[in-house]
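Here is a short report on one protein chain. Look at the sequence and the 3D view, then read on.

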Amino acid sequence: MGLLDGRRALVTGGAHGIGRAVALRFFAEGARVAVLDRDGAGAQATAKECEGLALEADASDPAAIEAAVARTARELGGLTTLVNNAGLGLLKPLERVEPKDVERVLRVNLASAIHATRAALPHLRAAGGGAIVNNASMSGVRPTPGESVYAAAKAALIAFTLATANECGPDVRANCVSPGVIRTRMTEGLFQVPGALEPVLAATPLRRVGTAEEVADAILFLASDLARFVTGQNLIVDGGLGLPQAGVDPLLKGFLARF
């Protein structure tokens, strides 16, 4: 038996990276999966791998996501699980951020999850209950330089998750994950710069970056009955990167070295 036997899931942003890993992991655990992405060819490729339904749509378009959710429920025979994974990054100094940047980042990282959740709730309840897992970011917990708007969007997504859990129980659970540095197509550029990740590795207790599959495992846990008494939580998946205190840790390590 799989952890998701009988479940019917919709994964947004499922063509690549974490979304693709989630779709494949869910399929391996017995779920029927719909893969939604603006990249139609990518959605088709992932859906083929997991014998699922491919949906070419913009998750941030309210009408498009509502139609996609309805089609998912219709073709999969209901909807029990929603993974709001669609997102994009923005690295730009705050004084250079333009209004169009703000609108786009908030629309894709926050509004898409709100629209999908609103559309999915009636189907989740009709199925007798379900689980929602949102993909946030460590930047939403500990904002980083140059990611002010992205961090704000992800922080809002975490708050939206908690509000959803509070409002939609007991039949619907809502949680989120906040990945740290994960090797995906979006972060690949960092890996191509020699030495760029050395400070990250040095500050991470596990001394490595994460993989999309490791985040997918965390999402699987939250979507499954293993987390049946877990709702309104933000699970940080960062290898411990958020633990060091910049400035203080090097100071204390210097003192510790004397003992």
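Predicted model: local features only at pLDDT ≥ 70, side-chain atom pairs only at ≥ 80, totals over all residues.

**Two helix pairs**

Two packed helices are described by the angle between their axes and the distance between the axes. The table gives these values for two pairs.

| Helix pair | Angle | Axis distance |
|---|---|---|
| H3 (residues 62-76) and H4 | roughly 30° | within 9 Å |

The crossing of H1 and H8 is right-handed. On the H1 side, the contact is made by Gly17, Ile18, Ala21, Val22, Arg25 and Phe26. H8 brings several residues to this contact, among them Val215, Ile219 and Leu220.

How are H3 and H4 turned to each other? They are roughly parallel, because their angle of roughly 30° is under 35 degrees. Their crossing is right-handed.

Take His123, which sits in helix H4. It is partly exposed, because its relative accessible area is 27%. Not counting residues up to four places away in sequence, His123 touches Val69, Ala70, Ala73 and Leu79. His123 and Val172 are 49 residues apart along the chain, and their C-alpha atoms are separated by 11 Å.

**The sheet**

Now turn to the strands. Strands of a sheet pair through backbone hydrogen bonds, either parallel or antiparallel. Here, seven strands form an open sheet with parallel pairing. Their order is S3-S2-S1-S4-S5-S6-S9. Which strands are at the edges? They are S3 (53-56) and S9 (234-237), and each pairs on one side only. Neighbouring strands of this sheet are turned by 15° against each other on average, direction ignored.

Strand S2 (residues 32-37) runs parallel to S3, and four bridges join the two. Val35 stands opposite Ala54 in S3. Strand S1 (residues 8-12) is joined to S4 by three bridges, and this pair is parallel too. Val11 has Val83 in S4 as its bridge partner.

On to S4 and S5. Four bridges join them, and they run parallel. The bridge partner of Thr81 is Ala131 in S5. Between S4 and S5 the chain passes through helix H4 (residues 99-126), and this β-α-β crossover is right-handed.

**Inside S4**

In a regular strand the side chains alternate between the two faces of the sheet. Which way do the residues of strand S4 (residues 81-84) point? Thr81 and Val83 point one way, and Leu82 and Asn84 point the other way. All four are buried.

**A helix across the strands**

Helix H5 (residues 148-168) lies across strand S5 (130-135), strand S6 (172-179) and S9. H5 runs at about 160° to S6. Thr164 is found in H5. Is Thr164 buried or exposed? Thr164 counts as buried, because its relative accessibility is 6%, and the cut-off is under 20%. Leaving aside its neighbours within four places in sequence, Thr164 is in contact with Thr117, Ile132 and Ala174.

Terms used
Residues numbered from 1 in each chain as written. Heavy atoms only, no water. Pairing = 2+ DSSP bridges. Axes fitted to C-alpha atoms, helices over the stretch in contact; angles between N-to-C directions. Contact = heavy atoms within 4.5 Å. Buried < 20%, exposed > 50% of the residue type's maximum accessible area, 1.4 Å probe, protein only. Right-handed = clockwise from strand over helix to strand, strands pointing away. Parallel < 35°, antiparallel > 145°, perpendicular 65-115°, else oblique. Left-handed = near helix turned anticlockwise from the far one by under 90°.
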